[in-house]
Amino acid sequence: MPSTASHVPSKSTRRYQHFCPAARALETIGERWSLLIVRDLLGGPRRFSELRRSLTAITPKWLSARLRALVADAIVARDVIGEREVRYRLTPKGQALEPVFDALLVWGMDYALGPPRHGEAIHPGRAIDAAVRYLNRRRVRAERHVVWVIHFGEDRSYTIRFDGTRWSRQRGAASADVTVQTSPPEWVKFLSADVEGRRRWLRERRASGTRGRLDELLTSFGAPRQTSRSRERGSRRAAMAKN
């Protein structure tokens, strides 16, 4: 693993001086890049080079520092395999962050996603993984089995399935209910749009499938709409709180 300059801290120096379990958690995992390293390791052990490639903008020095801090906090384990190979994996303590990450991902998808920024790296597989995690965390359910195929150009495709219980993804194409031809930035635009925006997106792109199946795709993402009854209950609670 590359050496780290002395000015790059290996362990968090963030201290809130305020007792709260959330503050303690953020002191441990709230440093820049730390939770994204956990995200990548949720998929299984990774080499330093694999993490660097996935995180794109991180420097070797900062990746080395963050990994050292996560190892020191027993969130990540460093396994030496043979004479030269080193792999990083999550400990049980690190694996316990999975629902935390999933909850953050759902909130980000619903309220903070937005269209791609200029120069922002978008990995097709990562974007598909985020969609599948979102669907499972939100407990989105279809009335029947679902198969969506997303083609990113000529040489990269992903299949998203719902088997009646859980959503999953696999690399490659299959016989599908809905097929979409797109690019990683355009797929992010689809996910960040509202329902009408997604409907327009599907009309303008090469998307095939029955109207019902296409509607299934475009309504599977986004924060649940608040009903008039729930808004009335919320208003009453707010009025009672003021009194």
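Biologist: Which residues of the largest nonpolar core touch the most other members?

Modeller: In this predicted model, the largest nonpolar core holds 51 residues, and those that touch the most other members are Trp-148, Trp-167, Trp-187, Phe-190 and Phe-221. Helix H7, residues 124-137, supplies the largest share of this core, namely 6 residues.

Biologist: What makes this set a nonpolar core?

Modeller: The name applies because the members are buried residues of nonpolar kinds, Trp and Phe among them, that are joined through side-chain atoms within 4.5 Å. As for Phe-221, leaving aside residues up to four places away in sequence, it touches Ala-131, Tyr-134, Leu-135, Trp-148, Phe-190, Leu-191 and Arg-198.

Biologist: How do you know how much confidence the predictor has in the chain?

Modeller: The pLDDT averages 86 over the protein chain, and 86% of the residues score at least 70. Over residues 1-10, however, the pLDDT is below 50, and this stretch has 23 contacts in the model beyond near neighbours in sequence. Residues 225-231 also have a pLDDT below 50, and there the model shows 2 contacts beyond near neighbours in sequence.

Biologist: Why is strand S4 called largely enclosed?

Modeller: Buried means under 20% relative accessible area, and 7 of the 7 residues of S4 are buried, so the strand is largely enclosed by the rest of the structure. Val-146, Trp-148, Ile-150 and Phe-152 point one way from S4, while Val-147, Val-149 and His-151 point the other way, and all of them are buried.

Biologist: What makes S4 and strand S5 a pair, and which residues stand as partners?

Modeller: Two strands pair if there are at least two bridges between them, and S4 and S5, the latter being residues 157-162, have 6 bridges in the antiparallel sense; the two strands therefore count as paired. The bridge partner of Val-147 in S5 is Arg-161. S4 and S5 form a hairpin with 4 residues between them, and Gly-153 in the turn has a positive phi of about 75 degrees.

Biologist: How do you know that strand S7 pairs with S4?

Modeller: S4, residues 146-152, is joined to S7 by 5 bridges, with the strands running parallel, and the requirement is at least two. In S7, Thr-179 is the bridge partner of Val-149, and Thr-182 is the bridge partner of Phe-152. S7 is also joined to strand S8, residues 206-208, by 3 bridges in the antiparallel sense, where the partner of Val-180 is Ala-207.

Biologist: Which edge strands does the open sheet of 3 strands have?

Modeller: The order of this open sheet is S1-S3-S2, with antiparallel pairing, and its edge strands are S1 (46-47) and S2 (76-81), each of which pairs on one side only. S2 and S3, the latter being residues 85-90, pair over 6 bridges, and Val-80 stands opposite Val-86 in S3. Helix H2, residues 34-41, lies across S1, S2 and S3 and runs at about 100 degrees to S3.

Biologist: Why is Asp-40 called buried?

Modeller: Asp-40, which is found in helix H2, has a relative accessible area of 3%, and the cut-off for buried is under 20%, so Asp-40 is buried. Not counting residues up to four places away in sequence, Asp-40 touches Arg-46, Leu-51, Ser-54, Leu-55 and Arg-126.

Biologist: Why is Thr-56 called partly exposed, and why is Arg-139 called exposed?

Modeller: Exposed means over 50% and buried under 20%, with partly exposed in between. Thr-56 has a relative accessible area of 43% and is therefore partly exposed, while Arg-139, with 63%, is exposed. Thr-56 is found in the loop between helix H3 (48-55) and helix H4 (60-72), and Arg-139 in the loop between H7 and S4.

Biologist: What phi does Thr-56 have, and what phi does Arg-139 have?

Modeller: Most residues other than glycine have a negative phi. Thr-56 is not a glycine, although its phi is positive at about 65 degrees, and Arg-139, also not a glycine, has a positive phi of about 55 degrees.

Notes:
Residues numbered from 1 in each chain as written. Predicted model: local features only at pLDDT ≥ 70, side-chain atom pairs only at ≥ 80, totals over all residues. Heavy atoms only, no water. Buried < 20%, exposed > 50% of the residue type's maximum accessible area, 1.4 Å probe, protein only. Helix = DSSP H or I, 4+ residues; strand = E, 2+ residues; numbered from the N terminus. Contact = heavy atoms within 4.5 Å. Axes fitted to C-alpha atoms, helices over the stretch in contact; angles between N-to-C directions. pLDDT = per-residue confidence, 0-100.
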